[in-house]
Amino acid sequence: MKVVLLEDLKGTGKKGDLVNVSDGYARNFLFPRKLAKEANAQAMNELKNAAEAKAFKIQSEIDAAKQTAEKINEKSVKLYAKAGQGGKIFGSVTAKEIAEELKKAYHVDIDKRKIVLDADIKAFGTYECEIKLYNGITAKVFAVIGEKES
């Protein structure tokens, strides 16, 4: 009997898979526990619609990531930090501060976890930051760290 799985089942398949199982297994185990439903025309149509919706969502996320990458690629943001002795910064400049500055300057909302810094920024200068917007879509941003006038 062909069934559409409603949950992940070890040894049988993942949620949304169309699998062929024995009649007794389907009637006595899968159906009573609501782990699967019979693969009739309605279930197959729902499965197809869900797959199309997922593909559309992924494509729209890729398009949005490409637009954001074009908008901020090779741009720079200026950040100011309090200076200590010898041209060092009190503390460090974080990915959160870079994300906030990108939002102010370019009106782009980027999660701080997507900003990749090679090392902690603890001195003044220009640093290259990589922003991973989506799988395979990245942008480079330059963070220019200057001394805050007190």
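Leu 117 touches several residues from elsewhere in the chain: neighbours within four places in sequence aside, it is in contact with Val 93, Thr 94, Ala 95, Ile 98 and Cys 129. Contact here means heavy atoms within 4.5 Å. The model is a predicted one, where local features need pLDDT of at least 70, side-chain atom pairs count only at pLDDT 80 or more, and totals for chains, interfaces and linings use all residues. Residues are numbered from 1 along each chain as its sequence is written, and side-chain values use heavy atoms, with hydrogens and water left out.

Buried means under 20% relative accessible area, exposed means over 50%, and partly exposed lies in between, using a 1.4 Å probe and protein chains only. Across the chain, 25% of the 150 residues count as buried. You can find Leu 117 in the loop between strand S6 and strand S7 (121-123). Val 144 is 27 residues away along the chain from Leu 117, and their C-alpha atoms are separated by 13 Å.

Which strands form the open sheet, and in what order? There are four, running S4-S9-S8-S6, with mixed pairing. Two strands pair if DSSP finds at least two bridges between them. Strands of a sheet pair through backbone hydrogen bonds, either parallel or antiparallel. Strand S4 (75-81) and strand S6 (115-116) stand at the edges with a single partner strand each, so one side of each has no neighbour in the sheet. S6 pairs with strand S8 (residues 125-134) in the antiparallel sense, over two bridges. Ile 115, for example, has Ile 131 in S8 as its bridge partner.

Now step back to the whole chain, which has three helices and nine strands. Helices (H or I, at least four residues) and strands (E, at least two) are DSSP runs, numbered from the N terminus. Along the sequence they follow the pattern β-β-α-β-α-β-β-α-β-β-β-β. The radius of gyration is 25 Å, well over the 15 Å that the globule rule gives for 150 residues, so the chain is more spread out than a compact globule. This radius is taken over C-alpha atoms, and the rule is 2.2 Å times the number of residues to the power 0.38. The C-alpha atoms fill a box of roughly 75 × 30 × 20 Å, taken along the principal axes.
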